Amino acid sequence: MIAGGDPALVATGASHAKAILIGEHAVVYGMPALVVPMVGLRVTAKVASGFPQDVLRCAFYRGPLSAVPPELQGLAALVGEGRMRSAVGAAGILITIESDIPVGYGLGSSAAAAAAVARALYRFQGVDLPQSELLRLVNISEKHAHGTPSGIDARAVTMNSPLWFIKDQAIEPVKLGRGIFVIVATSASPGNTGEAVKLVRKKIGGYSQADPIQELGRLAHEARAMLGQGNVSSLGEVLVAAHEQLARLGVSTPHLDDLVQAALRAGALGAKLTGGGLGGAMLALTSSPEGQKSVVEALQAAGAGQVWSVELKGEH
């Protein structure tokens with residue numbers, strides 16, 4: 001246990017997961033993606049004073065912030081920047097992170113943790129944290145985790161509305177014409193986004209202009225229109241078509257396919273893998289609490305690792 005007296009001050013920050021509704025892989029080639037918040041899948045960070053040095057405690061590490069492993073160096077950089085910007089004093093602080101978001105499943109775990117820590121740091125000092133500054137701090141951490149982040153994860157884990165994203169263009173909030181339930185389930189193994197991106201790059205050379213990347217872009221535009229109209233049945237069909245294109249690209253797996261089919265048999269309006277693939281997670285869509293319950297039970301029976309759902313409220 002790290003030595004330290006009773007904390008004189010504690011502040012808390014939180015954030016949530018995200019899931020790609022449609023557009024994964026195609027977004028790398030300039031096509032749009034739709035991302036939805038998973039507000040029930042959360043991460044919480046606490047900052048406490050009264051310690052001789054900066055200390056981090058999370059599921060993967062417990063010790064001095066100065067000695068974190070490489071995968072946590074982005075958080076250490078964020079804390080250093082946040083200390084300067086929010087004028088946190090020179091005394092040591094304890095940062096504790098508790099997360100429900102699984103790592104390696106394309107659900108924004110690293111960005112959500114960074115957002116929670118940034119919010120806690122600023123609340124600790126009683127300093128306002130504008131959205132622009134929050135995004136800047138999260139992207140400092142994300143650069144360590146992903147090299148050149150697109151910025152979509154930082155936005156998605158700090159907002160409660162679906163987002164429309166095209167590379168190198170402004171990220172736009174998307175209105176829902178009708179409420180929907182989005183259910184996310186993990187497969188037997190984490191995803192491998194790096195390998196999946198390489199696989200897709202090799203595959204697309206063999207397709208014509210009517211290739212899966214172009215088709216995924218077209219389907220994303222359809223999905224946005226269906227969301228705005230509240231046409232959830234057609235939206236579900238679009239998601240199924242997107243999964244078929246991702247399977248053509250080779251990034252689905254037998255277990256992901258099984259989970260998609262289990263959800264559809266249970267009455268889901270649509271289902272597909274979400275994220276990079278080659279493992280990872282899938283999502284399903286329903287329009288009622290009863291449908292949501294049935295799909296969750298079916299996914300659990302089909303061997304999903306973990307299952308979560310969120311209700312996204314409609315605008316009308």
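Helices, which are DSSP runs of H or I with at least four residues, are numbered from the N terminus, as are strands, which are runs of E with at least two. The model is a predicted one, in which local features need pLDDT of at least 70 and side-chain atom pairs count only at pLDDT 80 or more, while totals for chains, interfaces and linings use all residues. Residues are numbered from 1 along each chain as its sequence is written, and side-chain values use heavy atoms, with hydrogens and water left out.

Begin by selecting Lys198 and Glu195, whose side chains meet in a salt bridge (3.7 Å, N to O), a term for a side-chain nitrogen of Lys or Arg within 4 Å of a carboxyl oxygen of Asp or Glu. Because the two lie 3 residues apart in helix α5 (residues 193-204), about one helical turn separates Lys198 from Glu195.

Next, select Glu81 and Arg136, which also form a salt bridge, at 2.8 Å from N to O; this pair links distant parts of the chain, with Glu81 in helix α1 (residues 73-86) and Arg136 in helix α3 (residues 131-146).

Finally, move to helix α8 (residues 254-265) and select His255, Leu256, Leu259, Val260, Ala262 and Ala263, the buried residues of α8, where buried means under 20% relative accessible area, exposed over 50% and partly exposed in between (1.4 Å probe, protein chains only). On the other side of α8, Pro254 and Arg265 are exposed.
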